[in-house]
Amino acid sequence: MRPGAVTVGAVHAAALLLGAAGLASTLWHGIAEPGNALAFGALIALGELARWGAHPGEREPAPLGAAAALAYALLGHAAGTATTHGVLQIVAVVCAGGLAGIVPHIARGRAGSRDRGPGRDHLARRVLTVGFAALCFQPLYNAGALTGHLGAGTPYVLFLLLVLGLTGLCDAVLAALLLRARTAYPYGPLLRDELRALLGIGSAVCATGVVMALGVAAAGLWALPVLAVPLLLTQVSSRRYAAVRTVNRQTIASLARATEIAGCTPPGHARRVAALATAVGRELGLGGAELTVLEYAALMHDIGQLSLVDPVAGGATASLPAEQQRRIALLGGEVVRMTGVPAAVAHVVERQADPYREQPLPARIVRTVNAYDDLAGQDAGAALEALETLRLGTARDHHPEVVACLARVLARGGTPGVTSVPTG
């Protein structure tokens with residue numbers, strides 16, 4: 001069994017055991033304050049239902065559900081009356097609400113084989129992180145230590161924010177760990193991306209969780225719908241933004257196919273280079289917007305060939321003289337600028353033919369991965385020979401570290417549709 005599979009299995013097993021313990025304890029002892037449990041469980045389910053359009057691996061596909069779960073974990077009073085629910089009941093309500101919200105997705109066929117892994121990861125993280133928040137808060141609150149030492153003013157609110165900050169860090173560590181286990185990308189850059197996201201939607205989720213807990217403590221459950229609407233609208237807006245981003249990527253991919261339709265490059269070349277370049281970029285520590293620029297530049301790296309009077313034989317630019325490669329790259333940068341794509345993408349495209357010591361990292365990656373696909377194509381037997389050719393070119397054309405990272409990615413199996421290095 002792969003080490004990554006062991007890590008994923010361990011996280012899922014821990015979440016399953018905690019969830020089972022919560023459900024068993026709640027069934028055995030009964031539900032304390034059933035009205036509160038029902039209201040928060042329904043809000044968690046609503047957050048999961050509003051996930052329509054979420055992409056696999058998205059950092060927080062259900063911010064409303066996350067905020068409601070955290071608010072229930074930090075709930076000490078409801079309309080001025082002290083609550084008696086404990087950590088295990090909180091876990092049980094989170095599990096029940098999450099499962100209730102996921103069932104319609106399964107019924108609509110949205111939990112296909114592609115989404116099953118990330119979907120389970122999402123629920124496992126939710127159970128473990130909310131359990132962590134409840135464990136940090138409920139025992140201290142029920143023992144009177146919080147109100148006795150901090151009172152009900154600013155220090156108490158700061159403590160809630162501290163607990164949620166630690167919970168966010170816990171979730172970021174788990175998310176990066178699971179993604180590392182599934183992709184074998186370096187852990188450091190993945191954790192950095194998760195922490196960066198924590199400052200965005202994560203901060204909104206934590207702030208809403210605190211406000212919900214304090215609002216219900218003061219005004220009762222009537223505060224929930226009022227406080228939930230802004231985050232629900234934010235969730236819907238993020239779905240729309242994700243849809244626009246998907247359309248942009250599809251448009252760029254369609255433009256990239258123009259070279260294939262014109263017969264300038266082999267079928268699938270741009271897609272293979274983009275997939276492999278993105279994997280190499282992650283291996284080298286790129287993330288977020290940097291990866292997006294790299295992917296777009298890799299898709300459009302050959303578009304300069306459309307300006308040539310005589311197409312390059314076979315579309316393979318790696319074997320051309322340096323001056324001709326440079327000319328195609330500059331033409332490509334001009335074309336990319338006219339498409340309205342961000343200027344950073346055009347900069348990478350036009351720098352891909354420079355000596356690697358003068359290139360930015362994304363341009364180094366595009367050049368090396370393009371050369372690999374030109375040399376190896378879809379011939380598994382040529383993969384090792386292509387890598388050896390790249391290693392011989394590390395004096396000027398290809399950065400040694402990029403070539404080494406490419407070899408590691410290929411040794412792990414590459415990406416779908418990309419020729420990997422045979423092992424054994």
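The buried residues of helix H3 are Pro63, Leu64, Gly65, Ala66, Ala67, Ala68, Ala69, Leu70, Ala71, Tyr72 and Ala73. With eleven of its eleven residues buried, H3, which spans residues 63-73, is mostly covered. The model described here is a predicted one, and in the protein as a whole, 49% of the 424 residues count as buried.

The protein has 17 helices and two strands. Among contacts between residues at least 6 apart in sequence, 72% join residues at least 24 apart. The accessible surface of the protein comes to about 19,300 Å², and carbon and sulfur atoms account for 65% of that area.

**Nonpolar cores and a surface patch**

The largest nonpolar core holds 48 residues, and those with the most contacts inside it are Val280, Val336, Ile365, Val369, Tyr372 and Leu406. At least two residues of this core come from each of the helices H9 (223-256), H11 (269-283), H12 (289-299), H13 (322-338), H14 (343-351), H15 (361-376), H16 (383-392) and H17 (400-411). Another core, of 40 residues, lies apart from it and has Phe159, Val163, Leu224 and Leu231 among its members.

On the surface, Leu162, Leu166, Leu169 and Leu195 form a nonpolar patch whose accessible area is about 330 Å² together. Helix H7, residues 154-183, gives the most to this patch, with three residues, while Leu195 lies in helix H8, residues 187-219. Leu195 counts as partly exposed because its relative accessibility is 32%.

Val173 also lies in helix H7, and a relative accessible area of 38% makes Val173 partly exposed. Leaving aside neighbours within four places in sequence, Val173 is in contact with Tyr187 and Leu191. The C-alpha atoms of Val173 and Tyr187 are separated by 9.4 Å, the two residues being 14 apart along the chain.

**Salt bridges**

A search of the whole structure finds 13 salt bridges.

| Salt bridge | N to O distance |
|---|---|
| Arg182 and Asp121 | 2.7 Å |
| Asp171 and Arg125 | 3.0 Å |
| Glu295 and Arg249 | 2.5 Å |

The side chains of Arg182 and Asp121 meet in a salt bridge. This pair links distant parts of the chain, with Arg182 in helix H7 and Asp121 in helix H5 (residues 113-142), 61 residues apart. Arg182 is partly exposed, with a relative accessible area of 37%, whereas Asp121 is buried at 7%.

A salt bridge also joins Asp171 to Arg125. Asp171 lies in helix H7 and Arg125 in helix H5, so this pair ties together parts that are 46 residues apart in sequence. Arg125 is buried, its relative accessible area being 10%.

Glu295 forms a salt bridge with Arg249. Because Glu295 lies in helix H12 and Arg249 in helix H9, the pair ties together parts that are 46 residues apart in sequence. Glu295 is buried, with a relative accessible area of 18%, whereas Arg249 is partly exposed at 35%.

**Gln359 and its surroundings**

Which backbone oxygen does the side chain of Gln359 reach at 2.8 Å? That of Arg351 is reached at this distance, and the backbone oxygen of Gln352 likewise lies 2.8 Å from a polar atom of the Gln359 side chain. Gln359 is found in the loop between H14 and H15, and counts as buried because its relative accessibility is 5%. Neighbours within four places in sequence aside, Gln359 is in contact with Arg351, Gln352, Ala353, Asp354, Arg364 and Arg367.

**Backbone angles in two loops**

Most residues other than glycine have a negative phi. Glu33, however, has a positive phi near 45°, and its place is in the loop between helix H1 (3-29) and helix H2 (34-49). Glu33 is partly exposed, with a relative accessible area of 23%. Ala79, which is not a glycine either, has a positive phi of about 55° and sits in the loop between strand E1 (77-78) and strand E2 (81-82). Ala79 is partly exposed, with a relative accessible area of 48%.

Technical notes:
Residues numbered from 1 in each chain as written. Predicted model: local features only at pLDDT ≥ 70, side-chain atom pairs only at ≥ 80, totals over all residues. Heavy atoms only, no water. Core = buried A, V, L, I, M, F, W, Y, C linked by side-chain atoms within 4.5 Å. Buried < 20%, exposed > 50% of the residue type's maximum accessible area, 1.4 Å probe, protein only. Helix = DSSP H or I, 4+ residues; strand = E, 2+ residues; numbered from the N terminus. Patch = residues over 30% accessible without salt bridge, like charges linked within 9 Å, V, L, I, M, F, W, Y side chains within 5 Å. Areas by Shrake-Rupley, 256 points an atom, 1.4 Å probe, with all protein chains shown as cover. Salt bridge = Lys/Arg side-chain N within 4 Å of Asp/Glu carboxyl O. Polar contact = N/O pair within 3.5 Å; in protein donor to acceptor, adjacent residues only side chain to side chain. Contact = heavy atoms within 4.5 Å.
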